[in-house]
Amino acid sequence: MAQTTVQEIHPDLYLLRVADTRTAYFEALWEIPEGITYNAYLLKTPEGAVLFDGWKGTFQEEFLAALASVTPLEDIRHIVIHHMEPDHSGSLPALLEKLPPDVTLWGHPFTKKLLDALYGLGDVNFQAVKSGHSLTFGGHTLTFYHAPWLHWPETMVTHLAEGNILLTGDIFGGYGIPEGIFDDEVDTDAYLTAARKYTITVIGFYRDKIGKNLSTLQNKYNLQPAMILPAHGLLWRQAPERIVQAYLDWGAGKPKPGKVTVVYSSMYRYVEKAVGVAMDALQQAGYTPVVHRMVDDERAALADMLNDIADSQAVILGTETYESDVFPLTAFLLSEVIKKANFPKPLLVVGIFGWAAAAGRQLSTLLEKSAFEPVNILELKGLLTPEGEAKIRAAVQDMLQHMR
Ligand SMILES: Cc1cc2nc3c(=O)[nH]c(=O)nc-3n(C[C@H](O)[C@H](O)[C@H](O)COP(=O)(O)O)c2cc1C
Ligand SMILES: [Fe+2]
Ligand SMILES: [Fe+2]
C-alpha cells in the first residue's frame, strides 16, 4: 500500500499526497532512489469543492479513497489542471467516471487538446482560461496564470487570494519524499539537492523559461506568495522565496564556488589510473571533487552526473577510445548535458586509447554544440608513463586557472 497523506494545510484547503517508491526511473529515464510524491490539493467551500491536479494513474484507487476521505466525490464542482503530464493527470479518467458530467475542468487552452490526445476526453465540460482570468466560487477567488514550457506548453499556476497562496504544478517541485510536508519541518538543504536534480532533469531543457516566467509572475502580476504549493515534494510556507531563488539560480546555471566534478568510464581501469592522477593534482590544489564512476562494478546515475555537472565550476571527463569513438555512456551523458545543463565552464578531457586515438577527436565535434570551454583534450596511450602523468598534472593546473 502506498503511503498517502491527507492534511488540512490552510482553512478548508487540503493536501492529498502520495509517496511513490515504485518508480525507479522517472519518465522512464531518471534514477530516483529518493522517490517522488504527487501532490494534489482540494479546496472545500459551502458551494462545493475545487480539486487541483491529481496523481499518477498507478495510484488512482488510492487517489479516489483519499479524496473520499475529505469530501463526497459528487461535491467536486471544479477541477483545475495545471499540467497534463500523466504523473498528475493519470488518475483523472477514473475520477471523472465517478463525478457528475457537468463538473467543470479549468486549464490553459492547450490543455483541452491534451485531454483529447492522451485520454480521448474531447467532450468534457472544459473552460479555457487566459492568463489573469479569475474564478470566484464559494467565497474564494482563484486567478490563473499561464507559465508556458515549464515544462509542457500548457503549464499554468493558480493564485488563491485568501491566504496569498500559489499552486504551481511542476514548478518549484522536487524529487524526494520529505519526512514532513512543509519547509519548516525538514532539512531543506538535503531536499534542495533532490529538487535541483528534478529541475535539471525535468525542466532543464526549458531552463531559459524559468527566469522569464518567474519575472512575469513577479513583475507583471505582482505575485509574492506567502505559500507555494507544488505538485511534487516539499510545500513552502516559511521561506517560499528560497525555492524561487533556487529555481532562478539553477535555471541560470549558477556554479557552486569550488565545486569540481569528475566523471569517467573505465573498462579495465586504465582511464581510472589516469583520472586518479588528475584527482591527486586537484586535491593538492585544495579541491575535493565530486566523483562519478562508470566501471565494471559500479555505474553512476545519469541524473546525478547531470545534476553535479550543472552547478560545477569545472569538469574533468575521463574516457577511453571505444570502437573509434567516445565511450557510449559518455556520449549519451554529453548529449543530455548539452540539452539540459549547457552552462559555460572549463572542461578537461583525459582520453586513453589502445591503438588509434579517436575519443578526443569525436569529443571535439560533440563539444562544438556545448558551452564547455575545453581547456585540454588529452589523448594518452594505454599504460600511464611519467610524461603522461606530467601532462595530466599540467592540464589540471591549466583548468584551475580557467575557473571563474
Ligand atoms: C570494446 C573495446 C573497444 C575498443 N575500441 C578501441 C578503438 O577503437 N581504438 C583504440 O585505440 N582503442 C580501443 N580500445 C582500447 C582501449 O581504448 C584501451 O584498452 C584503453 O586502455 C581502455 O581503458 P580502460 O581500461 O580504462 O577502459 C577498445 C577497447 C575495448 C575493450
Ligand atoms: Fe511534468
Ligand atoms: Fe510532474
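A residue is called buried here if 20 or more other C-beta atoms lie within 10 Å of its own, exposed if 12 or fewer, and partly exposed in between, with C-beta atoms placed from the backbone. This is a predicted model, in which local features need pLDDT of at least 70, side-chain atom pairs count only at pLDDT 80 or more, and totals for chains, interfaces and linings use all residues. Residues are numbered from 1 along each chain as its sequence is written, while chains are lettered from A and ligands numbered from 1 in the order in which they are written.

Phe63, Ala66 and Leu67 of H1 are buried. Down the helix axis, these buried residues fall within an arc of 100°, so they line one face of H1; the arc is that of the directions from the axis to the C-beta atoms. The face turned away from that buried side carries exposed Glu61, Ala65 and Ala68.

Next, two backbone angles. Most residues other than glycine have a negative phi, and most peptide bonds are trans. Phe172 is not a glycine, yet its phi is positive, about 70°. Its place is the loop between strand E13 (165-169) and helix H5 (188-203). Phe172 counts as buried because it has 28 C-beta neighbours inside 10 Å. Glu323 also has a positive phi, near 45°, and lies in the loop between strand E18 (314-320) and helix H10 (328-340). With 8 other C-beta atoms within 10 Å, Glu323 is exposed.

Methods:
Helices (H or I, at least four residues) and strands (E, at least two) are DSSP runs, numbered from the N terminus.
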